[in-house]
Every structure is written in structure tokens, then in C-alpha cells.
Amino acid sequence: MTRTDVIVIGGGLHGCCTALHLARRGLRPIVLEKNTVGRHASGVNAGGVRQLMRHTAEIPLSMAAMAAWETLAETLGPELAANCGFVGGVGQIGIAQSAQEMDWCHERVAEMHALGYDFEEVIDQEELRRLVPSVADICRGGLVSRRDGHANPFRTTQSFRRRAEQLGARILERTRVIGLEQGDGGWTVTTDNGVFRADIVVNCGGAWAWQAGAMVGEGFPKSHFASTLMVTSRMPHFIDPVVIGIDRVLSFKQTEAGTVVIGGGILGDPDLDEETAETVADRMMESAETVYEFFPILRKATIVRTWAGLEALMPDIIPVIGPSRVARGLWHAFGFSGHGFQLGPIVGSVLADLILDGESPIPLDAFSPSRFTAEGKLKPQAH
Amino acid sequence: MTGTERENCELAIIGGGPAGLAAATLAARLGVETVLFDEQPAPGGQVYRNIEANSRETGLLTPILGADYARGLDLVRAFRASGAGFEPMSAVWQVAANGKVGISRDERACLVRARRVILATGAMERPVPVPGWTLPGVIGVGAIQTLMKASGIIPDRPVVLAGSGPLLYLVAFQLAKAGAPLQAVVDTSGGSLASAARQALPILAGFAGDLLKGLSWIAALKARGIALYRGGYLSIEGVSRVEAVSFRSGGRRIRIATALLALHEGVIPNNQITTSLRCQHAWDRTQLAWRPETDAFGATTSPLVAVAGDGAGIAGARAAVHRGRLAALDAAFRLGRISRNERDDRARADRQALLREARFRSFLDRIYRPSEAMRRLDDETIVCRCEEVTAGELRQLIGEGFSDVNQLKSFSRCGMGQCQGRMCAGTIGRLLADETKADIADMGQYRLRIPVKPLPLAELAALGNADRNSGPVLEVADGDPSQRI
Ligand SMILES: Cc1cc2nc3c(=O)[nH]c(=O)nc-3n(C[C@H](O)[C@H](O)[C@H](O)COP(=O)(O)OP(=O)(O)OC[C@H]3O[C@@H](n4cnc5c(N)ncnc54)[C@H](O)[C@@H]3O)c2cc1C
Ligand SMILES: Cc1cc2nc3c(=O)[nH]c(=O)nc-3n(C[C@H](O)[C@H](O)[C@H](O)COP(=O)(O)OP(=O)(O)OC[C@H]3O[C@@H](n4cnc5c(N)ncnc54)[C@H](O)[C@@H]3O)c2cc1C
């Protein structure tokens with residue numbers, strides 16, 4: 001039996017970042033990861049660092065995350081920070097093709113202004129062309145968030161892991177949590193690789209996080225999905241910003257290597273038990289079509305690989321961050337519903353504040369586990 | 001009806017080598033509606049590539065390629081007469097577990113739904129990562145042969161052949177007969193063919209013909225005055241292209257200046273599709289390659305899919321015919337054309353023939369096992385040629401604690417390029433096993449997803465027969481573009 005003060009379930013970006021911040025504040029976290037660090041969503045996502053077009057409840061957290069991305073070196077040290085491959089300030093752009101989409105952009109910016117946020121701007125066709133010279137004539141303009149960008153997901157997760165380890169956290173791979181029990185001496189965490197004792201447990205289990213909830217009788221939605229990406233062969237550099245669709249299915253960016261990573265909500269077939277997902281050709285057409293129409297330069301491109309990652313999906317598509325509603329000393333951070341990479345550098349820091357100070361400067365009410373019923377359904381008033 | 005208009009078929013066979021041809025012929029005869037897809041313009045596979053044209057336009061090639069090659073004509077003729085459909089120039093870029101076969105033909109992609117699939121995709125040459133192997137002017141011995149078969153191209157500048165495996169002397173012999181300027185053959189296998197044959201005599205009874213053939217190639221090369229070496233620790237020199245090859249032989253280092261070098265270390269199963277299907281694979285400790293696990297009829301762990309021929313483990317062209325027939329019998333049984341008893345009765349002869357072949361194969365496997373001297377990897381040697389990742393870079397990452405081929409891939413891009421890891425899949429596992437003193441069988445394989453062959457975006461955008469609404473319905477707030485996943 002191993003004793004420590006805090007156990008983190010899950011070695012994704014959020015688990016590693018949580019361990020990092022807890023270690024920084026003097027605890028000795030142990031991260032238990034059933035596979036390998038970054039094996040799931042955190043290592044295989046599209047790497048989009050996007051404040052643009054987020055759910056308004058997420059914006060304060062997302063803005064704090066953006067600041068953390070821009071000062072990664074303070075958290076990780078210069079070398080590990082550089083290793084993340086973060087490219088900020090290139091912007092993310094939502095491209096509008098129809099008049100309705102342009103109208104929606106104006107409404108969205110008005111709503112954002114009313115809430116006091118000014119980082120989204122409507123752009124016309126000329127500005128769109130300036131930012132993205134390769135865009136087709138059918139694109140009229142859109143919405144931009146200029147500080148946004150992208151990073152290398154696998155390397156980012158590894159950097160947070162390494163920094164956490166440097167600060168004294170331990171990461172145990174191939175260690176699956178199969179039991180969680182609270183007694184007088186704190187938590188007993190049973191795994192297929194030994195038993196652990198800790199005062200505090202943090203559940204960063206991604207698509208499987210509901211299982212840790214179930215171990216203590218706390219219900220959460222089990223819903224999850226397999227987000228799919230396709231990647232082209234290397235192309236000459238032609239675009240800096242990340243572009244996404246508004247009504248049309250689209251999301252893509254060009255990586256440092258020159259390959260173009262295309263996504264936009266293409267669904268694969270998830271298999272939670274096998275811990276993998278299949279990509280399905282039938283469902284890739286729409287994304288391919290949009291790319292084809294919006295970016296003539298990609299008409300000759302070749303898809304060389306596709307992959308999919310498993311991600312928890314909350315019915316209100318915002319994460320669960322906060323204390324367990326059934327047990328003391330248990331905390332949750334999961335359910336990022338397809339856009340949690342951008343929040344990667346901040347959630348762990350917020351959790352460390354919550355756990356050690358009892359509060360966070362960032363409003364988190366919308367993410368409370370208490371928005372679910374005991375069975376794990378969203379309470380009606382929570383909408 | 002051509003491939004891109006076809007919507008479904010009972011049995012799809014991928015690959016028109018001896019395994020696919022024999023499978024298609026028998027299945028069609030048993031009344032199964034069968035279609036064979038191959039990316040080549042004509043049936044024949046690797047071994048009987050372009051056989052119809054080469055035997056029609058007789059002249060040179062059949063006499064050079066030999067009687068074994070000509071034998072393929074009977075297989076092709078039987079296939080042509082069988083009533084099975086044939087879709088040439090159709091590259092298969094996916095086989096999904098539900099039987100949806102993705103093909104690309106004439107710049108159009110489409111999905112054909114099959115009730116059963118037989119993969120007869122054959123073998124590929126084992127990559128030979130020695131220092132300098134990625135220089136222009138270095139090619140595969142099999143590739144030289146492919147050029148001869150497909151387009152009658154015979155190298156016109158001096159060529160050195162190096163490596164091991166039955167194909168080495170066969171192709172050397174074929175080149176010499178064709179009058180190619182063959183400079184030297186460097187045999188990197190451990191022992192000599194003659195002494196290995198003597199040791200193995202008891203199990204080789206009945207294969208005297210094959211054995212004599214191998215020895216006769218060597219004798220013929222000697223008679224033509226071609227330099228034959230036994231060597232190891234190959235190293236390729238050159239700046240912008242190959243200039244020379246050097247190797248250790250009998251205690252000294254020999255250097256041969258050449259502008260064309262062909263390497264060979266045997267062939268390995270072409271298992272991209274079974275890997276993408278997540279079929280169970282086993283590490284073959286003799287052939288040093290992954291092969292899909294199958295039952296006696298070639299059925300894999302993916303319920304609709306069987307493998308026949310070298311794709312199920314290297315066993316050669318003769319065995320491929322029997323394995324193709326067995327897979328066809330099982331398909332006919334599963335599709336309700338014959339009873340289980342009839343399947344088993346008809347299978348007996350093919351089973352026996354296979355057992356016989358297996359004896360000779362185990363001899364070949366033993367003598368042509370890639371030698372340790374060829375398998376050492378210098379730090380500067382490129383492992384992944386698409387992304388130019390060296391053994392040294394991978395060693396460093398392994399030293400930092402990466403313990404899984406897919407982690408190494410994610411971090412280094414090794415295996416992420418155009419060839420989708422075909423060239424480095426074996427090497428990276430070996431490197432990881434060597435560095436961590438672990439068993440290569442535990443190192444696992446690259447995770448592979450469709451497309452197993454690069455697919456133009458334009459073709460995907462216009463994919464025929466796709467079921468756009470096949471996706472799960474996500475129960476989330478909808479309609480507002482900011483409520484996005
Ligand atoms: C294809 C794809 C593209 C995406 N693109 C973007 C994007 O561009 N921008 C963006 O912001 N977000 C994106 N996302 C979302 C983002 O990747 C995720 O929100 C984020 O990585 C979630 O991190 P996590 O640490 O919660 O989950 P994960 O990375 O899934 O980590 C959870 C870990 O917990 C482990 N675990 C679970 N249960 C147990 C247990 N019982 N015992 C031990 N270990 C356990 C799992 O093995 C897993 O490694 C994308 C997601 C996918 C799949
Ligand atoms: C380069 C090379 C040369 C060889 N030459 C000889 C020789 O001369 N003599 C000999 O005895 N053995 C030779 N071999 C070994 C030989 O391949 C086998 O023993 C025999 O051909 C195996 O037969 P098969 O039916 O399993 O596959 P193959 O004969 O290899 O046929 C496989 C067929 O599948 C097709 N195919 C594969 N993947 C796809 C796809 N995704 N989409 C569409 N079509 C696909 C290929 O085009 C090919 O026609 C050679 C092997 C290689 C790699």
C-alpha cells in the first residue's frame with residue numbers, strides 16, 4: 001500500500017496539469033493512468049487553442065487559459081514550454097458563407113459586448129482575404145478571435161507531465177483505478193497495480209470519468225463521442241490562422257510539419273470498453289466537401305491518415321469542475337465535450353485553488369457537479 | 001458495371017495474386033457472387049504480375065522469368081473463365097468491419113458493401129534500414145523484378161544485389177539471363193544454402209526440385225563470372241545518391257563502387273488492412289513479422305473477414321493457391337452455398353498440400369532469417385523515411401521513458417508520413433524491444449486507421465454510396481454555432 005496526500009485519476013492534460021499545480025503548492029500527487037500519458041483525447045486532439053465562439057459560461061475560464069498559454073514558460077520553464085509548440089496570435093476564424101451566418105456573427109458580437117467581452121470581431125471579406133489569402137470567393141467574412149492559435153497536443157501533455165514530475169509528482173502508467181472507497185484514514189484507491197491511500201482524490205478520467213463517479217455512487221452522464229480528424233500529406237505553407245465553420249462542418253489548421261489537420265465534428269464509432277474508436281469514411285464527406293469548397297488550394301490534397309479520440313460529452317456541452325456532491329475530498333474535472341484542450345493549462349490551477357483555498361477567482365458555478373440529478377441527468381433548471 | 005457504380009456484392013476479394021485468383025475462381029464456381037479488386041491493371045499479383053501480356057507478346061520475358069512464372073497463366077485463365085467479376089486499377093483504401101470496402105478507381109472513390117471479404121493482399125519487401133538505404137539509387141530487389149515484369153525494363157547500368165532470401169538469387173539469375181550488367185551479389189544470410197540443405201535433408205525429401213533450382217541459380221551466376229560474396233554489416237556510401245556499397249566479408253571490408261544497389265531481406269505480410277481492422281496479430285518469431293491470427297480457413301478475428309496467401313504469413317505462391325481455395329470454401333459455407341461437411345471434405349486435399357509446403361517453408365525461413373549483422377541500427381540510420389526520423393532520435397526518446405510504439409510515433413512523427421508506417425513499423429518495435437530489453441511481441445503495433453492508402457480529398461468529398469446519416473445522434477443543445485462540440 002502506497003500512502004500520499006492526493007491521487008489524480010487520469011493522465012490526460014487535465015490530470016497532469018492538476019498534479020503540476022498541486023505539487024507546486026507542496027502536495028505529493030500520484031497520477032494513476034490506465035494506459036499511457038496522453039494516450040486519449042489529450043494526446044490526439046486537433047490542438048486548437050480557441051476562445052472563439054465558446055459557450056458564454058466558459059469564457060472567463062477560457063480567457064484565463066489563454067493568459068496561461070501565453071505565459072507557459074512561467075509554469076513549465078522555457079524548454080518544456082517551447083516543446084508544446086504553442087503558436088498564439090495567429091487567430092481562429094469562423095468563416096461565414098451565407099448572409100444568415102454573417103447576421104449570426106453580428107448578433108454574437110453584440111451578445112459578447114453586452115457581457116463585457118471584446119475579443120471576438122466581425123470581419124468582412126477583405127479582412128478575411130488579408131488573413132487567409134487562400135480562401136474561396138464564396139466566403140463572405142466571419143468572426144475572428146485574434147489571440148487564438150494552436151499547439152501540439154501530445155507534446156503539450158508530455159510537457160505538463162514532465163514539469164509535474166520535476167515538482168515531485170509521480171505518474172504511474174498502466175495503472176487502472178478499479179475501486180474507490182472512503183474510510184477513516186481517507187481514500188483507499190484500488191488499482192490493478194497496487195492499492196493507494198490518500199486524503200484527496202481528483203477525478204480527471206476523461207470519457208471514463210463517470211466510472212469513478214459510479215464507484216462512490218455519484219451519477220454523471222455516461223455520454224461520450226469519438227471525434228475524428230483527418231490529415232493530409234505535407235503541403236507548402238499556405239495558412240496561419242485556424243479556421244472553423246459556422247453553420248457548415250469545418251475545422252482545420254496547417255501544422256508546422258505542413259500537414260493539414262481537418263476536423264469539425266466528424267463522428268467516429270466510440271468503443272469505451274476497448275478504449276478506442278473507429279473512424280468512419282461515410283461521415284467524413286461533409287467536412288471534406290466544405291474544405292474542398294472553401295479552399296481551392298486543397299483540392300489536390302491527399303488524405304493520408306485519420307484517427308479518432310474518445311471524449312466525454314455533457315448534455316450542456318460544458319465541463320464538470322468542482323467538488324463531489326456525495327463525498328468529501330473528491331473532486332471532478334472532466335466532460336470537456338470536445339474543446340477542453342484550450343482549457344488545459346488552467347483547470348488544474350483552478351482545482352488546486354479550490355482544493356487548497358476553498359475558492360477560485362474564476363467563476364465556476366456553471367460547471368458544478370450539482371447540476372446533475374443522482375442518476376446523472378441534467379436537472380431541468382440547469383439549462 | 002464498374003467498381004464505382006457497384007453497390008454491393010456477396011464476396012469481395014482484395015488482391016489478384018495466386019491466393020485471390022484461386023479463391024475467386026472456386027467461390028464463383030460454387031455459385032457465390034464474387035468480385036475481385038486489384039490496384040494493378042491485370043491479374044497475377046506479385047509473382048505472376050502482367051502474365052497475360054508477357055506470355056502473349058512472348059518474345060523475351062517468359063523465357064527469362066522462367067517456367068514457374070508461366071505456370072501462373074493457368075490460374076489466370078481459370079479465373080477469367082470462372083464468372084467472377086474483376087475490377088482492375090481499383091485501390092482498396094478501406095475494409096470496414098461491417099464489410100464496407102472503399103475503393104478508388106479512375107479518380108473516383110466509392111464504398112461497396114460485401115457480405116464477406118477475403119484479403120489476398122500478399123507480401124511486401126521487408127525494409128532494410130542500413131546506413132544510406134534512403135539514398136536515391138537504392139531500391140528493392142523485388143522492385144527491380146517488378147519493373148521487369150510490368151514494363152519489361154531491365155537495368156542498363158551496373159547493379160549490385162545485396163541481402164538474403166530466395167528472391168535474391170532468383171532475381172539475380174533473371175537479370176543475368178536478361179543480359180543486365182550485374183556487378184555482384186552479396187549474400188548476407190548466415191550460412192550457405194548447400195550446407196543448410198544437407199542438414200535439413202530429412203525434412204526436404206520431395207523438394208529436391210526446389211532445392212536444385214536454388215543451387216542451379218547460384219551455379220549459373222558463377223558460370224557467368226558474376227562476383228558472389230558472403231557478407232554483413234552493409235553500409236551504403238553516397239552524398240546525393242548511392243556511390244558505393246561496402247560490407248564485411250571473411251574478415252575484411254570490401255567496397256564496390258556502384259550507382260544502383262538493390263537490397264532484399266525477404267518479404268513480410270502486407271497487413272495494413274488487418275491491422276486497421278484491429279484483427280488479432282501474432283509476432284512470428286521465425287519470419288520476424290506480424291501476421292494476423294487465423295483459423296484453418298484463414299478466418300481472422302474480424303467476423304466478416306478472412307486472409308489468404310502471403311498476407312496471412314509468408315508461405316509462397318504454391319501455398320497461396322491452397323490458402324485461397326480454403327478461404328473460398330469457408331466463404332461458400334458461410335454464405336449458404338455448401339454445407340459444413342462439404343466444406344470440410346473439399347478442404348482435405350488443400351490442407352494436405354499445405355502441410356507439405358509448410359515443411360519446405362520452415363527450411364527457407366531458417367536459412368533466410370535476417371541476420372543479426374543486418375539488423376543492427378546505427379544512430380544515424382533513418383528509421384522512418386517519410387518523416388526522416390533516425391534510430392538515434394528514437395533511442396533518446398526511449399531513454400526518456402517512452403515505452404510504447406504509438407507514444408514514440410506521436411512524439412517523433414515516426415510512422416506518420418505518406419507510407420503510413422509500412423516502412424518503419426517493424427523497425428520501431430525492434431528498436432524499442434532492444435533498448436528496453438523487452439520482448440518484441442509485447443511492443444505492439446502502430447494503431448492504423450483508414451485510409452490504408454492515401455486518398456485524394458476530392459474523392460472523399462464526392463464519395464459514392466456513403467451513408468451520411470449513419471452517425472450516432474448526439475444529444476446535445478443544437479442549432480447555436482457556439483454550442484459546438
Ligand atoms: C479528435 C479530437 C479533437 C479535439 N480537438 C480539440 C481542439 O482542437 N481544441 C480543444 O480545445 N479541444 C479539443 N478536443 C478536446 C480535448 O482533447 C479534450 O477536451 C481534453 O484533452 C480532455 O482532457 P482530459 O485530461 O480530460 O481527458 P483525457 O485526455 O481523455 O484523459 C483522461 C485519462 O484518464 C484515464 N483514465 C480514465 N479512467 C481511468 C481509471 N479508472 N484509471 C486510470 N486512468 C483512467 C484515461 O486513460 C485517460 O488517459 C478534441 C478532442 C478530440 C478527441
Ligand atoms: C516485389 C515482390 C516480388 C516477388 N516475386 C516473386 C517471384 O518472382 N517468385 C515467387 O515465388 N515469389 C515472389 N514473391 C513472393 C510472392 O509475393 C508470393 O509468394 C506470392 O505472390 C503470394 O501470393 P499472394 O496471392 O498471397 O499475393 P500477391 O501475389 O502478392 O498478390 C497480392 C495482390 O494484391 C494487390 N493488392 C494489395 N493491396 C491492395 C490494395 N490495398 N488494393 C488493391 N489491391 C491490392 C496487389 O496489387 C497484388 O496484385 C515476390 C514478393 C514481392 C513483394
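How much area do chain A and chain B bury between them, and what share of it lies on carbon and sulfur atoms? In this predicted model, the two chains bury about 4,600 Å² between them, and 55% of that area is on carbon and sulfur atoms. On the side of chain A, the residues that lose the most area to chain B are A:D282, A:M285 and A:R305, which together make up 14% of what that side buries. The contact draws 64 residues from chain A and 47 residues from chain B. As for confidence, the model as a whole scores ipTM 0.92 and pTM 0.94, while chain B has an average pLDDT of 90, with 92% of its residues scoring at least 70.

We can now look at what holds a place in this interface. Across the interface of chain A and chain B there are 15 residue pairs in polar contact, counting pairs in which both residues have pLDDT 80 or more. The elements of chain A that give two or more residues to the side touching chain B include the helices α6 (99–115), α8 (153–166) and α10 (285–294), and among the strands that do so are β14 (224–232), β17 (260–267) and β20 (302–312).

Charged residues lead on to another kind of pairing. Side chains of opposite charge can pair when their charged atoms come close. Four salt bridges are found across the interface of chain A and chain B, and the side chains of A:R234 and B:E387 meet in a salt bridge with 2.2 Å from N to O. Over all chains, the count of salt bridges comes to 43. An example inside chain A joins A:E120 to A:R108, whose closest N and O atoms are 2.8 Å apart. This pair links distant parts of the chain, since A:E120 lies in strand β6 (residues 120–123) of chain A and A:R108 lies in helix α6 of chain A, twelve residues apart.

Strands also pair from one chain to the other. Strand β20 of chain A and strand β22 (residues 455–456) of chain B pair in the antiparallel sense over two bridges, and the bridge partner of A:T302 in β22 of chain B is B:P456.

Within chain A, an open sheet of four strands runs in the order β1-β12-β11-β10, with mixed pairing. Because β1 (2–3) and β10 (177–183) of chain A stand at the edges with a single partner strand each, one side of each is left without a neighbour in the sheet. Strands β11 (residues 186–191) and β12 (residues 194–198) of chain A pair in the antiparallel sense over five bridges, and here A:T188 has A:R197 in β12 as its bridge partner.

Two details of the backbone of chain B complete the tour. Most residues other than glycine have a negative phi, and most peptide bonds are trans. The peptide bond from B:I450 to B:P451, however, is cis, with omega near -5°, and B:P451 sits in the loop between α17 (425–436) and β22 of chain B. B:D106 has a phi near 50°, a positive value in a residue other than glycine, and its place is in the loop between β5 (100–105) and β6 (108–119) of chain B.

Notes. Residues numbered from 1 in each chain as written. Chains lettered and ligands numbered in written order. Heavy atoms only, no water. Contact = heavy atoms within 4.5 Å. Buried area = accessible area lost by both parts, 1.4 Å probe. Polar contact = N/O pair within 3.5 Å; in protein donor to acceptor, adjacent residues only side chain to side chain. Pairing = 2+ DSSP bridges. pLDDT = per-residue confidence, 0-100.
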